[in-house]
Amino acid sequence: MHTWTHLSDHLSVYHGAGNVGVVRDGDRLLVIDPSDDVGPVDTALVTHYHRDGMAELPAAARLLAPAAEAHLIADAAAYWAAPVAQWHAYYYRPFFLVPAVSRPVAGTLADGDTLTWGAARVTALATPGHTDGSLSYLVEVDGRRVLFTGDLLYAPGQVWDLYSLQQGGSYPEGDVWDYHGFLGARAALSASLQRVAAAGAELLVPAHGMLMPEPDAAVQCTLARLDDLYRNYASTSALHHYMPFLLTGLPDSDTWGATEAPPDWLTHDGTTWTLHSASGAVFVMDCGSAYVVESLQRAGDPVEGLWITHYHDDHVDGVPAFQAAFPCPLHADASAAAVIADPAAWRLPALSPAVCRVDHVTTHGESWTWREYTLTAYHFPGQTRYHGGLLVEGRGRRLFFVGDSFAPSGMDDYCPLNRNPLGAGTGFDACLTLLQQLRPDGLLNPHVDAIFTFSDTQLGTMRERLAARVALLAALSPWPVPDIALDPYWARLHPFAQRIQHGNIAEIAVVITNSTDQPLPVRAKWSSGDGAVTGVIPPGTEGRLPLPAPPMPAGQHVLTADLVVGERRLPRFIECLLLVE
Ligand SMILES: [Zn+2]
Ligand SMILES: [Zn+2]
């Protein structure tokens with residue numbers, strides 16, 4: 001549905017895929033965040049570099065962009081050419097919605113800059129949060145003061161997404177990657193929201209969302225909800241164990257588990273746990289570095305198996321060297337196997353380019369015997385949904401290897417790019433339920449020397465906090481389910497990267513995770529206009545719609561697709577890389 005809100009003789013807002021501000025000077029149009037087609041445009045201002053906000057920017061229009069982000073538009077190709085766009089990604093500013101192709105930026109704007117457009121005066125306000133260089137634009141015309149705030153907030157009490165707020169920083173204790181900074185941009189966001197509330201605007205116009213005639217109330221409600229969410233998350237976080245300084249000023253975790261030293265038949269080196277048999281043979285869990293291979297070779301014990309918990313580089317970087325050194329099977333849960341066997345197909349945090357040969361794809365609850373131990377593999381979608389857990393029974397113990405999903409202080413859920421599905425019976429709730437059922441007498445994590453255990457009460461507390469979190473996220477998020485605000489990969493193209501020979505067709509699928517309880521109608525098309533697909537994704541499933549790539553000349557291409565999901569249009573929302581040789 002496309003409608004206009006006329007604010008004054010010279011100022012209107014077009015409501016399409018997003019809200020496009022339109023300032024008229026005779027026949028000349030200045031637009032703000034042209035996510036949709038409003039007619040011939042002379043000049044466009046964008047609040048931030050995200051490509052969805054310039055989806056309908058005519059090639060001939062003059063583009064003015066925030067000074068701090070102009071390079072991401074003018075030289076987008078440099079961003080995509082860098083390996084970090086796909087591999088070993090721990091920093092996400094920028095990461096999302098980087099333009100697919102470079103386009104010229106005619107001028108830049110920074111805090112306090114003004115420009116005159118006919119009867120209107122436009123003032124730029126630095127409002128970082130959604131992105132580091134985001135600007136808001138105050139338009140004063142016809143006696144009105146209207147503030148275009150980009151994606152800083154969506155509606156009173158709501159933000160467009162939460163994953164854009166992932167941010168680390170410099171602390172006295174050391175530098176923190178964006179990877180560890182769940183809602184790390186909230187201080188910047190809070191300062192920006194206070195600035196917006198104090199700007200004397202009578203109306204806020206977000207790039208996505210509702211017009212807000214009461215800026216102060218909209219801002220205060222958003223800040224209060226973000227604070228509630230952060231407190232919920234901090235109360236059960238693995239970060240109390242790893243980086244407690246990130247959580248100062250908050251109550252400590254009340255899910256600290258008891259710890260004990262491991263038995264002498266388990267040894268820990270780097271991120272590898274090694275299980276020793278009385279026979280002298282060993283079974284290895286995770287291999288993040290070639291030095292683990294060297295130390296296994298030095299020890300000289302027969303190496304009879306490798307189990308991989310998940311795809312992160314610090315767990316798989318050493319696998320190619322391991323597989324060259326030891327002719328033994330690699331076991332992995334089907335979810336983890338799909339990533340480690342074909343990493344180029346994915347764009348996930350901390351992704352390793354190491355290709356693993358998976359010999360044994362395990363199914364949930366599958367047991368086998370290794371020496372005097374019974375091993376049982378589980379799908380264990382905690383730290384990421386592509387993750388397994390392993391129950392080791394023998395020598396009088398029942399020990400569960402949780403991978404990175406839990407640390408002694410609680411859940412490892414600080415990086416939503418890993419994909420942490422919400423709700424009863426899925427994600428961490430499924431992991432906690434499994435631990436309640438299996439009742440292992442110790443948990444082991446590749447980054448923790450000690451065995452730890454959670455009491456039944458602590459497991460129950462984590463499940464309760466997760467359930468409460470779903471409600472907090474639902475209040476903060478405009479989507480039918482909060483997973484969409486938390487999970488940047490709810491819609492994606494698969495494979496993310498592939499090479500083809502010139503003249504061949506690249507097979508690509510639009511993959512949609514429908515975590516709602518309703519069928520989800522989806523329409524996707526290449527942003528270039530070359531091909532479309534429609535389908536309905538059944539509730540609670542991940543559905544695939546084939547969208548073969550258009551023929552492309554030799555070279556590297558970033559392809560983007562436009563989505564219509566339910567009622568919502570999402571231009572240039574998902575991307576993939578295609579190398580044509
Ligand atoms: Zn944005
Ligand atoms: Zn990990």
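Predicted model: local features only at pLDDT ≥ 70, side-chain atom pairs only at ≥ 80, totals over all residues.
Along the chain, the donors of the zinc ion (ligand 1) are spaced H-x1-H-x79-H-x20-D. Here a donor is an N, O or S atom within 2.8 Å of the metal (3.2 Å for Na, K and Ca), and with water not among the atoms, sites may look incomplete. The protein donors in question are His-48 (NE2), His-50 (ND1), His-130 (NE2) and Asp-151 (OD), at 2.1 to 2.6 Å from the ion. His-48 sits in the loop between strand S5 (43-45) and strand S6 (62-66), and His-130 in the loop between strand S9 (120-126) and strand S10 (135-141), so that pair links distant parts of the chain, 82 residues apart. Strands (E, at least two residues) and helices (H or I, at least four) are DSSP runs, numbered from the N terminus.

Residues are numbered from 1 along each chain as its sequence is written, chains are lettered from A and ligands numbered from 1 in the order in which they are written, and side-chain values use heavy atoms, with hydrogens and water left out.

Back at the zinc ion (ligand 1), its four donor atoms subtend angles of 91 to 172°, which makes the arrangement irregular. Four donors would count as tetrahedral with all angles between 85 and 135 degrees; four count as square planar, and six as octahedral, if opposite donors are over 155 degrees apart and all others between 65 and 115, and anything else is irregular. The site of the zinc ion (ligand 2) is irregular too, with angles of 88 to 167° among its four donor atoms. Its protein donors are His-310 (NE2), His-312 (ND1), Gln-383 (OE1) and Asp-404 (OD), lying 2.1 to 2.3 Å away, and their spacing reads H-x1-H-x70-Q-x20-D. His-310 belongs to the loop between strand S19 (303-308) and helix H7 (313-316) and Gln-383 to the loop between strand S23 (373-379) and strand S24 (388-394), so the two tie together parts 73 residues apart in sequence. His-310 and Gln-383 are both buried.

Helix H10 (residues 427-438) is mostly covered, with nine of its 12 residues buried. Among them are Phe-428, Cys-431 and Leu-435. The cover includes S23, strand S25 (397-401) and helix H11 (456-476). From first C-alpha to last, H10 reaches 17 Å, close to the 16 Å expected at 1.5 Å a residue, the expected span being 1.5 Å times one less than the number of residues. Just after H10, Arg-439 takes a positive phi of about 45°.

Val-146, in strand S11 (residues 144-150), is buried, with a relative accessible area of 0%. Leaving aside residues up to four places away in sequence, Val-146 touches Leu-7, Leu-11, Tyr-137, Leu-138, Val-139, Leu-203 and Val-205, where contact means heavy atoms within 4.5 Å.

Finally, five strands form an open sheet in the order S31-S37-S36-S33-S34, with mixed pairing; two strands pair if DSSP finds at least two bridges between them. Strand S31 (497-500) and strand S34 (532-537) are the edges, each pairing on one side only. Strand S36 (residues 555-565) and strand S37 (residues 568-580) run antiparallel and are joined by 10 bridges, with Val-564 opposite Arg-569 in S37.

Notes. Buried < 20%, exposed > 50% of the residue type's maximum accessible area, 1.4 Å probe, protein only.
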